[in-house]
Amino acid sequence: MSQPIPWLILFLPLLSAALITLFLQRNPRISAAVSVGAVLVSFILSIGVFAQFHSGAPLDIHAQWLRVGRLNIEFGMHFDALCVLMLLVVTGVGSLIHIYSISYMKGDPAYSRFFACLSLFMFSMLGIVVSNNFFQMFIFWELVGVSSYLLVGFWYKKPKAADAAKKAFLTNRIGDFGFLTGIILVWSTVGTIAFVGIKEQLIKNPDAFDTVGTAIGLLIFCGAVGKSAQFPLHVWLPDAMEGPTPVSALIHAATMVAAGVYMLCRVFFIFNPMSLHVISWIGAITALLAALIAIQQDDIKRILAYSTLSQLGYMVMAVGIGEPPAAMYHLTTHAFFKALLFLGAGSVIHGMHDEQNIWKMGRLREKMPATFWTFLIGTLALAGLWPLSGFFSKDAILGAAYHNHRLTLFAIGIFVAFLTSFYMFRLVFVVFFGKAKSDAVHHAHESSVVMTGPLFILAIASAAGGFFGLEKYLQPQFSLQEAPGLEMTAVALGLGAFAIGLAVAALLYRNAETDPLPVKMVWFCKVARRLFYFDRFYEEVIALTQDALAQFAEGVDFMLKLFVRFLHGTTEFTGRALRLAQTGSLQTYTFFFAAGIAVVLYFMLLR
Amino acid sequence: MSPLTLIFLLPLAAALVISIIPRNYKFVIQCVALLSAFISMCAAVYVFGNYDPSSAAGAYQFVEQHPWAPNLGISYHVGVDGINLGLILMGSVVLFAATAIAWSNRTRDKQFYILLLMMGGGILGAFASLDLFFFYFFHELALVPTFIMIGMWGKGDQKNYATYQITLYLSFGALFVLIGLIGIYLQLPAGVRTFDIVELTKYFKANPMLPSAQRWIFPALLFGFGVLVSLWPFHTWAPLGYSSAPTETAMLHAGVLKKFGLYGLIRVALPLMPDAAQRWVYVLSFLCLGNILYCGLVAMRQRNLNMLVGNSSVAHMGFAFLGIASLSLIGITGTVVVMVAHGFLAALTFGLTGYLRDEAQTLEISQLGGLLSRLPFIGTVMIMAMLAGCGVPGFAGFPGEALVLFGNWDRSALVTVLAVWGALIIGGVYMLRAIRNVWHGEKEAPPLADASTLWRRTPYGLLLACLIIFGCFPRLLTDNIKLSVAPIVRAVGSDLTENAAQMRAHSQ
C-alpha cells in the first residue's frame, strides 16, 4: 500500500470542510459537490486498501505528534481487518447519506454549513477508525462529539434542537471523563498509550495491569457508554433526533454511536473477565430498556432511535460475552439497515411535509411505494428474518450467549428480539397500512431519485449483508476459535420471537386508529411513555448536586468579596476617621500638641 | 542589537512618539501604534522561527547584555529559551490584535494608545528580561497603565470599585514579589550580589539557599505571583476587573500580563528554592482545585457574559498552577503550553465580548439570545473560542491541559481526577450554556452589525489561527519548552513520573 493513500482517506474530508467553511459559504452547489466528492474518493480509496489488504500483516503508519519525557503521543494509522472493515462501513454508508442529503437538505439557507459539518464529521469518524493509540482516539472521540453537537444543533434557532445538542455533548462528556481517566491510568501503569505497545506488554506479562485491571477496563468502557449511548447515559440519543434526518442516519445510527462498540473491539485485549462481565450486563440492560421504551413512542424517528439504542445494547453485550466479531458483524449489518430505516423515515417525513407523528400517517404504501418496499426490507432485516442480514448477525450474538452458557443474557436477547419485531411492525402497520389518519396523507408524495437511489442500494446491502462471512473475516484478528456456526436453539427461538412479534403487532395495529396498548396496560405504558423517568431523575440529580454546588460556590464567592470589601472598607473608614484629626487648622493642632504634652507630663511627673 | 530589544522597545518608543504628536492627528497616531505593534510581532515571529533547539539544549539565545549598575549587580540582559519564546510570540500577537481592535472612536484616544503600547511593551520587556531588576520594573511599567485604563475608559457601573480593587490586589501581589526578590538578592554574600537570573541560578545550584531563607521567600513569591495570576482564594479581583476594563486592556491583561506570575514561578521560584517548592506543592495543588472546580462552578452561575468569561479565565489558571504543582517535566511543559494557549484564547474571548458589548450595549445573558443568525462571523468565532475554552482538541489549550493532567497523575491521582472533571464537565457546562443562551435560539431584537470587512475580522482571525496552529502542531511549542524545563525539574529533583519509570526499568 503506498503511503499517501491512507492520509488521503483521512484528510480529504477535512480539506473539504475547511474549503467550504472558508470559501464556499455562498455556493451551495459547489459545497455539496466538494463534500460528496471527498467522501466518495475516500470510499473508493478504502476499497483500494481493502483489495490490497489480503488479511496480511497489519500496516502501521505514524508520525510523532507530541513527545515530552515519558509521554510519547503519535499521530498514526493502524490498518488491520477490523479497521478496514469499519473504514468501508463508514465511507460507504457515509457516501450514500451524503448523496441523499443533496436532495433532502435542498432549500435550506445553511446548505453549505451542513455539508461542511458532515465533512468535519467524516474526518473525525475516520480518525477514530484508523487511530493506533488511545490519545489520538480520544482526540477524534472529542471531535466527533463536536461535529455531532454542530449537526444536532444545526437548526439552532429551534430551542429544542439547541437543547438537544447541548445535552448530547455534555452527556458524552461524562463518558469521556471516565475514558480520559482510564487512558491516563493505562499510561501510568504500562508506560505507553499505543495499542500495539499495550498488547505487547500484556502478552509479555498478563498481569501488567496489576491491581487496576478492572478499574482500567471499566473506565475505558465509560467512553463507550457515553458514545454508544448505553444505560445509564442513554438519554442523549433520542433527543439528538432533533437534528436533520440524514444526520440521524449517519451519526446517530450507523457510525458515531457505533464508535463505542468499535473501540471496545479495538482494545478488546485490555478487558479482564470482571470488566467483561459488567460490559455484557450493561449491554443487556440497555437492549431491554430501550426496546421497552420503543414500544410506546409515537415519533417515527424516536422509535428508530430507541431501536438503535437497543441494537447497540446487543453489540455491547456481544463484546462482553467475549465475541467481538459477532459485535462487529451486527454493527455492520445494523449500519446498513438502520441507515436505510432512517433515510426511509426521512423520505416519509419529507413526503408528509415535516410530520413525524406516526398517528397522523397511514396508508403510505400507496403514495410512497419505493419508500415502503425498502423500509419493509429494512424492518425485516432488523427484526431478523432469514435470510436477511439481521438474521445472521443477531443469531451470531444470541448463539454466542447460548454457546457461552450465559443463559440469562440469552433469554433477555430472545425477549428483546420479540420486542424488536413488535415495535417495528407496529411502526410499519401504523405508517404504511390501515386508514389515512390525517389529511396530510393525501398530499404525500414519493421522494426524488436522489433520495430513493440510496434507499435501494442500502436495501440490497441489508438484504444480502449476511452472505459475506464477515465474522470469519475478523476471527483471526481476535485469535478466537472457529465460530460455533448456527446454534439451532438460538435460530429457532429467534425466528419464533420474530413471528410472535409480527403476529401481535398485526393483531393490535393492523387497523388501529389510536394506540390500543395504553388502555390494556395502563401502568406499563405510563412508565414507558415517561422513559422510565430517567430524564426526570437526572434533572433532579443535577439540580441537587452540580447546580446546588454552584449556588453554594457563588454564595461563598459573595462572602469572599464582602470580606475583601470589609477589609478595605475598614481601612478607608480608619483613614476617614483619622482625617477628622487633620483639620488643617493651626489652633486645633496647637490644642492637640498642648494636650499631648499635658498628658505626657501627667504620666511622667505625677505618677 | 538583539531582535528581543526591538520587540519590546518599539512599542515603548512608539508610545513616546505618540506623546509628542498633537491629538488631532488621530490617523497618524493610529498608524504609528499599529505599525510598531506589527513590526514588533514580525520580530517575534522571526525570533520564534530562528530559535535553534539543537544548539546547547535549553540555553538562552538572542542574548544581549550591557552593564547598567554594576555595583548593585544590575545589568540590561535579555534572552530567550523555550519557556519565554512562546510567551513573547503570544504577547506580541495579542498586542497587535489589541491595537488593531482599538481602531475605533473613543475619547482621548491619544492617551489610550500611549497607555496600551506601554502596557504591551512593558510586559514583553518583562518576559524578555533575564535580570530580576528589569523583570520587575517592566512588569510594573505594564501594570500601572492597566489601572489607569480601567479607571478612565472602563465600562459598567462598578467601574470605580473594580479599579480600586484591582489596584489594591495587584499592588499587594507585586509588593510581596518585590520582598521575595530582594530576599533572594540578599541571600547572596555581599560582593557577588547580582540580579542576573542566569548568575543566580548558577550560584544557587552550586550553593543551595539556606532552608530557613527558602521557608519565607518561597511563600512570599508563591502568593505574590499567585495574586497576580488570580490564584484561589485571591481571585475576586479578576472577573470584575476584566468585565469593567476596556476591551483592549482586558485582552492584554488577561492574555499576557497575567502570565507574568506563572512565568516568575517557573523561572525564579522553582529553580532557586527547590526544597521549599517540594514542600509547598501540595498546598498549591489544592488551591488549584479551588480555581478549577470552585471558580468553574461560580462561572456557571454568572448572569453576565463577561463575568462568566472572567471566571472561566480564572478557572483556566488552575490548570497552569496544577502543572507547576506537579513538579514534573510533562506537567510544567504543559503549564507553559497552557500559558501560551490561554493568552490567545483570553485575548480572543475578551475581544469578542468587547465587540458584542459595543454592539448590543449589554452583556447580560438574559437580554441576549439568538445572536448567531445576526452576527454570523463574530458568533462563529466566539463559539469556536468557547469550545476551545472547554478543552476541545484542535485548539491549543487541549494539548496543554492534557500534558498537565498526565504530568500530575503520579503526584496525586485524586487531584488529577477532580481536575479532569473540572476540565471536561464543569467547563463544558458553563460554556455550552452560554452558547445556548447567547447564540442559539431566537429572539426579537434590534439589528446588530457583524464584523464584515476583512480589516475588522483580521484580529479575531489571527488569534483564532494561532490557537488552531498550536493546537494541531503542539510540537512547535513543546520541543523547545521541554529542553528548557528539564534543567529546572532536574534541579528540583522531583519528577515522580520519571522516577517511577526509572524504578520500573531497574526492577525489570
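The largest nonpolar core has 421 residues, and those with the most contacts inside it are Val261(A), Ala339(A), Ile88(B) and Leu467(B). A nonpolar core here is a set of buried Ala, Val, Leu, Ile, Met, Phe, Trp, Tyr and Cys residues joined through C-beta atoms within 7 Å. Buried residues have 20 or more other C-beta atoms within 10 Å of their own, exposed ones 12 or fewer, and partly exposed ones fall in between, with C-beta atoms placed from the backbone. Helix H14(B) gives the largest share of this core, 18 residues.

A word on the model before we go on. It is predicted, so local features need pLDDT of at least 70 and side-chain atom pairs count only at pLDDT 80 or more, while totals for chains, interfaces and linings use all residues. Residues are numbered from 1 along each chain as its sequence is written, and chains are lettered from A and ligands numbered from 1 in the order in which they are written.

Val261(A) is one of the buried residues of H11(A), together with Ala259(A), Gly260(A), Tyr262(A), Met263(A), Leu264(A), Cys265(A) and Arg266(A). Because eight of the eight residues of this helix (259–266) are buried, the rest of the structure largely encloses it.

Back in chain A, look for Lys301(A) in helix H13 (residues 300–321). Is this lysine buried or exposed? Lys301(A) is buried, because 25 other C-beta atoms lie within 10 Å. Beyond its neighbours within four places in sequence, Lys301(A) contacts Met241(A), Thr245(A), Ser248(A), Ala345(A) and Gln356(A).

Next, a helix pair in chain A. The axes of H17(A) (389–403) and H21(A) (488–509) come within 9 Å and cross at roughly 125 degrees. Axes are lines fitted to C-alpha atoms, for helices over the stretch in contact, and angles run from 0 to 180 degrees between N-to-C directions. That makes H17(A) oblique to H21(A); angles under 35 degrees count as roughly parallel, over 145 as roughly antiparallel, 65 to 115 as roughly perpendicular and the rest as oblique.

In chain B, the axes of H12(B) and H17(B) also come within 9 Å, crossing at roughly 20 degrees. These two helices are therefore roughly parallel to each other. Their contact has twelve nonpolar, four polar and no charged residues. Ala, Val, Leu, Ile, Met, Phe, Trp, Tyr, Cys and Pro count as nonpolar, Asp, Glu, Lys and Arg as charged, and the others, Gly among them, as polar.

Finally, the chains meet in a contact that takes 44 residues from chain B and 38 from chain A. On the chain B side, helices H12, H14, H16, H17, H19 and H20 each supply at least two residues. H17(B) gives the largest share of that side, ten residues. By class, the chain B side has 26 nonpolar, eleven polar and seven charged residues.

Definitions and conventions. Contact = placed C-beta atoms within 7 Å. Helix = DSSP H or I, 4+ residues; strand = E, 2+ residues; numbered from the N terminus.
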